[in-house]
Amino acid sequence: MHISLDSALGRQRRLNSVGETISSIAPLAAAYSLRSLTGGDPRAVRVRRSSDDAEQDFTASEINSGALVDFVGSGNDGFVDTWYDQSGNGNHAINDTDAEQPKIVSSGSLIADGIDFDGSDDTLTAASVSGFGATISMFEASIRDSGGAAVLSMGSSASTGNTNFGIVEGASVTQASVRNTSSRTVNASVSGSTRLGFAVTTGQTSTKVGALGGTLVESTDDYGNDFTSGELNTIFFGKLRVGSGSSFNGHIKEALIYTTDQSSNRDAIEANIANYYNITLV
């Protein structure tokens, strides 16, 4: 017996109350979800099954129909090899190391809260991305199980400790982490395990973060130089940067990245996400 994506995520409609897709609100630089963000039926994930390590691509509708669960098979686990970028920019997030792939099917059932990252070493990475500079906005919908680590981040492919911009979910804060120093983080208070984080930087003296639709908290502290496309050439899921010692323990439902300031569209984007996943905004 399969559980559909809509049932598993506690949601029956694919669009918000006015039929607006995420992609129609503002141009996306990268977009990841198990639902369609475009109104079409895009590839969503490539999945490896535990029984024989066979892999197959699945669209959003095929996840919802039960085709993914049928492929994985009764009693087996399914792991995400690739989370496809729905923006059309080809920034697909991949992990070819079997032991580090997050899980999407457990013992023959679709995992209810999104893709499951184990808090040990599960990651997905989009390498060699381009076009990202001083202004970046990102949204993520997740369930935090324990600990505190980055859900979504951008950084360098090199082992550079001070090159990242990402959203970290901790016990009581949603945090924007900039260039990986304690003096360059911005915190928004949040409670509970369900998270919907928004972070934006428009240059070295402006970083904002908000949690569950709440007030944007801004820092004007100078975090150094503006980001350049040469620095931010990698997208990370489940960790902050190359060499990061902390891994996210929880489930990631959706992630969006823009190369523009989406503060003015925040309400519409978060309403769409919250409506789909039944997230209560503050």
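Colleague: Which residues does Phe236 touch, not counting residues up to four places away in sequence?
Modeller: This is a predicted model. Phe236 is found in strand 18, residues 234-237. Leaving out residues up to four places away in sequence, Phe236 touches Leu124, Thr125, Val151, Leu152, Ser153, Met154, Gly155, Ser156, Arg241 and Val242.

Colleague: Does Phe236 count as buried or exposed?
Modeller: The cut-off for buried is under 20% relative accessible area. Phe236 has 2% relative accessibility, so Phe236 counts as buried.

Colleague: What separates the C-alpha atoms of Phe236 and Ser33?
Modeller: Along the chain, Phe236 and Ser33 are 203 residues apart.

Colleague: Which residue forms a salt bridge with Arg179?
Modeller: Arg179 lies in the loop between strand 13 (173-178) and strand 14 (185-189). Its partner is in the loop between strand 17 (217-219) and strand 18, so the pair ties together parts that are 52 residues apart in sequence. With the closest N and O atoms 3.1 Å apart, the partner is Glu231.

Colleague: Why are Arg266 and Glu270 separated by about one helical turn?
Modeller: The side chains of Arg266 and Glu270 meet in a salt bridge of 3.0 Å, N to O. Arg266 is buried, and so is Glu270. Arg266 and Glu270 are separated by about one helical turn because they sit in helix 5 (residues 266-277), 4 residues apart.

Colleague: Which residues do salt bridges that share partners join into one network?
Modeller: The structure holds 12 salt bridges. Those that share partners build one network, joining Arg43, Arg46, Glu55 and Asp57.

Colleague: What volume does the largest cavity have?
Modeller: A search of the whole structure finds 1 cavity of 30 Å³ or more. The largest cavity has a volume of about 60 Å³.

Colleague: Which lining residues lie nearest the centre of the largest cavity?
Modeller: The lining holds 10 residues. By class, 3 are nonpolar, 4 polar and 3 charged. Nearest the centre lie Arg184, Thr207, Ser219, Asp221 and Tyr223.

Note on methods. Residues numbered from 1 in each chain as written. Predicted model: local features only at pLDDT ≥ 70, side-chain atom pairs only at ≥ 80, totals over all residues. Heavy atoms only, no water. 1 Å grid on protein atoms, 1.4 Å probe; cavity = no way out; pocket = protein on both sides within 12 Å on 5 of 7 lines; lining within 4 Å. Points joined across faces, edges and corners; volume = space filled by probe spheres on them. Nonpolar A, V, L, I, M, F, W, Y, C, P; charged D, E, K, R; others polar. Helix = DSSP H or I, 4+ residues; strand = E, 2+ residues; numbered from the N terminus. Buried < 20%, exposed > 50% of the residue type's maximum accessible area, 1.4 Å probe, protein only. Contact = heavy atoms within 4.5 Å. Salt bridge = Lys/Arg side-chain N within 4 Å of Asp/Glu carboxyl O.
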